[in-house]
Number of protein chains: 2
Amino acid sequence: MNIDTVSEPVASLPVRRGRRRRSDRPGAMPTSAPQVRSIPAYDLLGERALAAIESQADWILEKVGVEFRGDAVARDLLREAGAMVDGDRVRFEVGHARALCATAPRQFALHARDPRRTVTLGGDHIVLMPGYGSPFVTDLDRGRRYASLEDFRNFVRLSYMAPALHHSGGTVCEPVDIPVNKRHLDMVYAHLRLSSKPFMGSVTTPSRAADSIEMARIVFGRDFVEANAVLQGNINVNSPLVFDETMSGSLRVYAEANQCVCISPAIFGGAMGPVTPAAVAAQTLAEATAGIALVQAIRPGCPVVFGSFHSTMDLRTGALTFGTPEAGLVTMALSQLGRRLGVPVRSGGGQITSANAPDGQAMRDSANALWSTMISGAHQVWHAAGWLEGGLTMSYEKFIMDVDNCGAMLRLLEGMAVDDDAFAREAYDEAAPGDNFLATAHTLRHCTTANYSPILPSPGPYETWRERGGKSAEQHANSIWKSMLASYEPPELDAQIDETLKQFMAERKSAMPDEWY
Amino acid sequence: MNIDTVSEPVASLPVRRGRRRRSDRPGAMPTSAPQVRSIPAYDLLGERALAAIESQADWILEKVGVEFRGDAVARDLLREAGAMVDGDRVRFEVGHARALCATAPRQFALHARDPRRTVTLGGDHIVLMPGYGSPFVTDLDRGRRYASLEDFRNFVRLSYMAPALHHSGGTVCEPVDIPVNKRHLDMVYAHLRLSSKPFMGSVTTPSRAADSIEMARIVFGRDFVEANAVLQGNINVNSPLVFDETMSGSLRVYAEANQCVCISPAIFGGAMGPVTPAAVAAQTLAEATAGIALVQAIRPGCPVVFGSFHSTMDLRTGALTFGTPEAGLVTMALSQLGRRLGVPVRSGGGQITSANAPDGQAMRDSANALWSTMISGAHQVWHAAGWLEGGLTMSYEKFIMDVDNCGAMLRLLEGMAVDDDAFAREAYDEAAPGDNFLATAHTLRHCTTANYSPILPSPGPYETWRERGGKSAEQHANSIWKSMLASYEPPELDAQIDETLKQFMAERKSAMPDEWY
């Protein structure tokens with residue numbers, strides 16, 4: 001018998017599986033989980049439904065349009081590309097915005113300063129990264145508080161060490177102890193110095209975007225950056241259907257530098273768009289298409305990501321809700337729509353929740369959101385670790401629980417081998433009906449690699465667990481992140497490059513007074 | 001525009017959605033969530049892999065065989081059907097066992113004594129039910145303890161009230177305060193008296209199976225039971241590849257009475273079969289096929305369910321693990337294999353975990369296991385609510401958290417409407433770019449029905465949550481189950497039937513001395 005293998009591990013970097021547990025190699029966690037999906041993407045919608053949603057997006061772009069407020073340059077670029085401009089409003093003939101997206105690459109490399117950590121966006125690849133944008137952090141020891149630069153650095157360190165995260169993220173949390181107009185320098189420096197995974201730069205003003213790219217040039221070299229994507233900028237749409245000038249201005253900076261632009265509409269159904277999932281999907285597609293069209297008008301071929309940030313609301317209270325079934329449906333639909341558009345998709349999912357503590361509700365929401373993301377064929381997953389309170393807080397404990405689940409889901413995406421070795425016919429010679437397979441040669445040969453090795457310890461028998469204090473997952477996670485940070489070692493960085501980065505930061509900081517809002 | 005609707009609610013009973021929250025209708029929770037899947041089942045494996053697994057199952061049945069220990073009647077029946085019998089061992093020529101399954105129905109009704117609660121097994125239908133078999137129960141007030149008949153009754157009451165459970169279950173927990181040889185009578189009576197949803201009878205001896213069916217005959221009428229499935233019996237395989245005489249004896253009782261037999265191989269990879277997922281799937285298929293073949297040899301056309309109970313182990317400690325990626329892969333493969341066999345599938349998933357408390361780890365495991373179950377097209381889901389500690393304990397609090405997630409996943413299975421109403425073009429006349437959609441007519445028209453209404457309260461803002469005591473999901477669940485039980489009202493039951501049931505139980509109980517083991 002020599003049949004097809006449905007799927008096999010295809011990671012080029014060491015896979016965290018089997019015996020290589022934290023406890024076996026303190027301070028030396030394996031560094032990368034698989035980055036390739038070997039199981040099929042789930043297709044929620046059929047051709048007619050997908051075409052109908054695309055047609056609705058076309059209708060929005062033609063009849064309603066998108067506003068690029070305060071950015072005449074952006075509007076002129078789109079007018080030159082054939083769009084209809086009237087004041088701030090930009091409209092596109094049916095199919096035109098989509099056609100403008102055609103120069104965007106289907107798949108591209110996002111380079112890391114350690115080439116072994118370079119990731120691919122698009123195709124069968126998947127890139128997981130931590131949460132983004134929280135002003136608060138929390139842990140079991142110190143409780144909830146405003147995030148500091150040290151917290152930011154800690155999450156960069158933890159993301160660097162977490163095998164299931166392929167990417168260092170961007171504003172993992174807001175270092176509110178640093179002036180608003182200078183913190184981007186410290187954040188980019190932390191990503192470059194404390195990690196060697198890919199990362200995101202600043203977008204909060206065009207000049208901060210330019211600083212981010214300049215720092216990347218110091219590390220990667222100007223020519224390399226001109227030809228390759230080495231960082232990402234996230235352009236949030238001020239949904240419904242508005243790009244404000246900060247965002248379109250930063251978009252232009254990234255696009256001119258040939259760096260990856262992720263366009264992220266932000267729609268909570270019923271507030272920034274209609275409440276119905278199909279409408280949220282269509283409006284997301286319309287907004288993202290308009291943004292991608294602008295990127296391509298600036299620099300054809302510039303790498304882009306079709307992003308989204310969407311969820312549901314409790315329409316009685318206005319509270320945002322996450323991990324809900326309606327949001328999961330939109331996530332799955334958007335992955336399909338993005339594949340049809342022909343660009344990599346950043347999922348609106350991740351491990352997101354409105355819970356205020358990493359309890360059962362938080363992890364249920366998170367696991368549900370992550371499944372819809374992972375099964376649907378999304379290419380990049382933001383907020384995959386740490387997110388609490390609808391994104392207001394990064395939790396050290398939830399970060400650990402989340403990266404553990406990321407590892408499990410990446411194992412799921414590897415699929416199962418269906419071949420002679422997997423069928424283990426010889427084991428039935430050793431174990432007859434009623435016998436135990438534990439001592440068969442097949443089990444012994446596979447026992448260290450067969451199953452994903454979780455980061456959180458096995459709960460174990462109830463009595464033992466009680467005797468040892470009845471620790472919750474959160475309490476175990478607390479020990480784990482502290483032990484990880486205690487054993488953290490930064491990746492190497494050329495001393496001259498490090499010095500140049502520090503000089504650049506010092507010059508930029510001294511060139512402007514502190515701003516705190 | 002008049003395009004296809006991808007999916008619409010198709011439940012015949014009221015759907016728990018929108019404004020009909022617990023708090024609005026105390027004591028009158030809506031009674032049933034949708035029972036039909038409107039989104040496609042996910043196909044993990046392709047044709048070649050499925051055929052290879054079927055071929056491996058054929059190889060097991062031909063070359064290794066299945067033992068029916070101590071049951072000459074069962075072996076004779078299979079010999080007459082064409083199987084090769086040698087001692088306890090029964091072997092089947094390639095394809096023969098599968099051919100014997102062909103008389104089993106693809107889809108059938110499992111009748112409830114309230115016809116509105118009758119469920120369909122097979123096709124696009126899904127049936128969720130609570131945990132099965134726990135000797136312990138736990139709640140936040142009283143802690144962990146041996147289960148009693150009152151606990152059993154409480155879970156029957158709660159399952160009756162939970163809209164997302166379609167089925168009352170079987171041995172929801174073990175009423176260990178009742179003699180082993182009599183408790184089946186109390187359990188069946190509780191299902192019949194305190195609920196009107198479908199249920200499972202006893203299988204612990206053939207005579208207890210017969211008692212269960214006799215009690216069903218009292219309620220449904222002898223002729224009705226002869227022609228229709230009104231209860232299910234679960235036949236566990238003593239994996240690997242052994243049916244013991246208690247199980248095959250009880251199987252024969254159910255099959256002779258034309259009642260639904262679920263064949264459940266029980267394989268923890270590496271112990272009761274090889275460690276590899278493809279091997280677990282193949283052996284499960286082989287064992288289930290043999291059992292179903294026996295049912296059909298006894299009574300062609302008798303309704304069956306292709307069951308499974310499988311998971312992974314920590315192979316260093318022997319601890320059972322649940323909700324793992326490898327188990328999820330097997331769950332998804334078995335749903336496909338069962339559909340090809342042409343009988344309804346009981347998923348090995350559900351909301352299962354080895355955690356000892358309903359914490360983040362428990363709910364992550366549970367949500368992961370439920371996703372693989374629900375997305376794969378399984379037809380019946382055991383252990384969908386309450387399960388802790390690898391099934392040793394039913395948790396009152398986790399039961400609530402789980403049924404909430406069941407409701408969310410049933411909403412997901414409804415899919416999204418893709419039609420003019422969903423696209424809400426008219427809403428864009430009311431809300432221009434940058435405006436809010438909350439006050440549009442479309443949002444107002446849909447706001448009570450658009451989103452699943454969870455049972456657990458929205459966490460709300462952190463500050464408010466802290467002021468109110470910072471309750472965990474588990475603490476909220478504690479209040480909810482108590483309030484549900486306080487407002488429970490039993491369904492009506494004809495007084496004469498009730499009296500006859502009680503007389504039957506009294507006679508059976510007085511006919512035998514108590515046995516405690």
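This is a predicted model: local features need pLDDT of at least 70, side-chain atom pairs count only at pLDDT 80 or more; totals for chains, interfaces and linings use all residues.
Q: Thanks! Which residue forms a salt bridge with Glu389(A)?

A: Arg144(A) does, with the closest N and O atoms 2.8 Å apart. The two come from distant parts of the chain, 245 residues apart: Arg144(A) belongs to strand S8 (residues 143–146), and Glu389(A) to the loop between S19 and S20. A salt bridge here is a side-chain nitrogen of Lys or Arg within 4 Å of a carboxyl oxygen of Asp or Glu. Strands (E, at least two residues) and helices (H or I, at least four) are DSSP runs, numbered from the N terminus.

Q: And what is the phi of Glu389(A) near?

A: Near 55°, a positive value in a residue other than glycine. For background, most residues other than glycine have a negative phi, and most peptide bonds are trans. On chain B, Asn258(B) also has a positive phi, near 65°. Asn258(B) sits in the loop between helix H8 (245–256) and strand S12 (260–264), and is buried at 10% relative accessible area.

Q: While we're on backbone, where are the cis peptide bonds?

A: One joins Ser239(A) and Pro240(A), with omega about 5°. Another joins Ser239(B) and Pro240(B), also at about 5°. In chain A, Pro240(A) lies in the loop between strand S10 (231–236) and strand S11 (242–243). Pro240(B) has its place in the loop between S10 and S11 of chain B.

Q: Changing topic: how many residues does the contact take from each chain?

A: It takes 112 from chain A and 112 from chain B, where contact means heavy atoms within 4.5 Å. The two chains bury about 9300 Å² between them, 65% of it on carbon and sulfur atoms. Met416(A), Tyr428(A) and Pro433(A) supply 8% of the area that chain A buries against chain B, more than any other three residues. Buried area is the accessible area (1.4 Å probe) that two parts lose on being put together, summed over both.

Q: How many salt bridges are there between chain A and chain B?

A: There are 6, and one of them pairs Asp404(B) with Arg364(A) at 3.1 Å, N to O. Over all chains the count is 68.

Q: Back inside chain B: which residue does Asp186(B) meet in a salt bridge?

A: Lys509(B), at 2.6 Å, N to O. This pair spans 323 residues of sequence, from helix H5 (residues 183–194) to helix H18 (residues 495–510). Asp186(B) is buried at 8%, while Lys509(B) is partly exposed at 24%.

Q: H18 again! Which residue does Lys502(B) pair with?

A: Asp498(B), with N and O 3.8 Å apart. They are 4 residues apart in that helix, so about one helical turn separates them. Lys502(B) is partly exposed at 41%, whereas Asp498(B) is buried at 11%.

Q: Last one: what does the side chain of Arg75(B) reach?

A: The backbone oxygen of Gly87(B), at 3.3 Å. Arg75(B) lies in helix H2 (residues 72–80) and is buried at 14%. Leaving aside neighbours within four places in sequence, its contacts include Phe68(B), Val85(B) and Asp88(B).

Technical notes
Residues are numbered from 1 along each chain as its sequence is written. Chains are lettered from A and ligands numbered from 1 in the order in which they are written. Side-chain values use heavy atoms; hydrogens and water are left out. Buried means under 20% relative accessible area, exposed over 50%, partly exposed in between (1.4 Å probe, protein chains only). A polar contact is a pair of N or O atoms within 3.5 Å; within protein, one must be able to donate a hydrogen and the other to accept it, and residues adjacent in sequence count only if both atoms are side-chain atoms.
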